[in-house]
Amino acid sequence: MKKKYSLILPCYNEYKNLRLLIPLLHKCFYRSNYQIIIVDDDSEDLTIKKLKSEFRSSKNIKYILRKKNPSLGLSIKEGIKKSKGNVIVVMDTDFNHSPKDLKKMIRLYNQDNYDLICGSRFLKGGFSTTHFRHYCSKIFNLFVNLITRGTFTDNMSGFFIIKKSLLNKMLDKIFYGYGDFYIRLLFYMQKKELKIHEVPVIYGPRKFGQSKTKFVKILILYSFETIKLVLKNI
């Protein structure tokens with residue numbers, strides 16, 4: 001089957017970042033069949049209205065406005081449900097995830113018949129935005145693997161390429177909440193016999209706006225969700 005990529009970009013008040021990111025993303029998919037899906041959780045900065053005006057000549061950008069129940073996981077699920085591609089790509093919109101790393105991941109996916117490609121900060125050549133965040137996340141990742149008996153080097157990057165067919169019957173089980181969706185995704189995928197490849201990625205600094213992530217609060221939430229996930233699947 002010929003590959004068509006659907007790149008899901010969940011966002012909230014990220015217009016300034018997206019207006020810089022979108023042209024770089026077009027270059028990442030050079031010679032590929034793709035669509036970009038921007039899922040906006042009712043941004044106050046009028047993200048969709050401004051992007052539609054700025055990129056009105058780009059016919060392969062789809063816009064989805066969600067006005068209820070803001071959620072990173074639900075936004076990604078909505079994007080997947082309305083996607084036309086057979087390959088799903090998910091990345092952040094604030095330059096935390098680098099277009100350069102995306103280009104590398106796409107190239108690998110095109111070369112080999114992988115089921116899932118994951119970005120990892122904890123492989124050689126990868127890193128987080130700060131030393132504090134990097135090593136705290138690395139320790140937490142060891143906790144997740146201990147609890148889930150997993151082998152992934154980064155259970156929290158949220159930067160991945162996957163065959164859509166692997167998700168079709170699992171959307172409700174995986175995509176809700178915040179970044180904990182990614183822990184659930186990897187938990188369920190590691191139970192399948194899949195061809196998986198992890199790629200080192202370097203997190204970049206946010207260009208505009210403020211992060212929505214409260215780091216300590218998020219780690220507590222993720223801990224709770226990881227334990228709940230394991231107990232539910234005993």
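Let's start with Lys163: at 21% relative accessibility, it counts as partly exposed. The cut-offs are these: buried is under 20% relative accessible area, exposed is over 50%, and partly exposed is in between, with a 1.4 Å probe and protein chains only.

A word on the model. It is predicted, so local features need pLDDT of at least 70 and side-chain atom pairs count only at pLDDT 80 or more, while totals for chains, interfaces and linings use all residues. Residues are numbered from 1 along each chain as its sequence is written, and side-chain values use heavy atoms, with hydrogens and water left out.

Back to Lys163. Its side chain meets that of Asp115 in a salt bridge, 3.0 Å from N to O. A salt bridge here is a side-chain nitrogen of Lys or Arg within 4 Å of a carboxyl oxygen of Asp or Glu. Asp115 sits in the loop between α4 and β5 (116–120), and Lys163 in strand β6 (residues 160–163), so the pair ties together parts 48 residues apart in sequence. Helices (H or I, at least four residues) and strands (E, at least two) are DSSP runs, numbered from the N terminus. Asp115 is buried, with a relative accessible area of 13%.

How many salt bridges does the structure hold? Ten. One of them pairs Lys82 with Glu78, 3.0 Å from N to O. Lys82 is partly exposed, at 42% relative accessible area. Glu78 is also partly exposed, at 21%.

Next, helix α7. Asp180 and Arg184 form a salt bridge of 2.8 Å, N to O. Both lie in α7 (residues 180–189), four residues apart, about one turn of the helix. Salt bridges that share partners join Asp180, Arg184, Glu225 and Lys228 into one network.

Now helix packing. The axes of α1 (residues 15–28) and α4 (residues 99–111) come within 9 Å and cross at roughly 20°. Axes are lines fitted to C-alpha atoms, for helices over the stretch in contact, and angles run from 0 to 180 degrees between N-to-C directions. The two helices are therefore roughly parallel; that label covers angles under 35 degrees. Leu21, Leu24, Leu25 and Cys28 of α1 make the contact with Pro99, Leu102, Lys103 and Ile106 of α4. Contact means heavy atoms within 4.5 Å.

Last, His134. This residue is in helix α5 (residues 131–148). Buried or exposed? At 5% relative accessibility, His134 counts as buried. Leaving out residues up to four places away in sequence, His134 touches Arg121, Phe122, Gly126, Phe127 and Ser128.

Definitions and conventions:
Angles under 35 degrees count as roughly parallel, over 145 as roughly antiparallel, 65 to 115 as roughly perpendicular and the rest as oblique.
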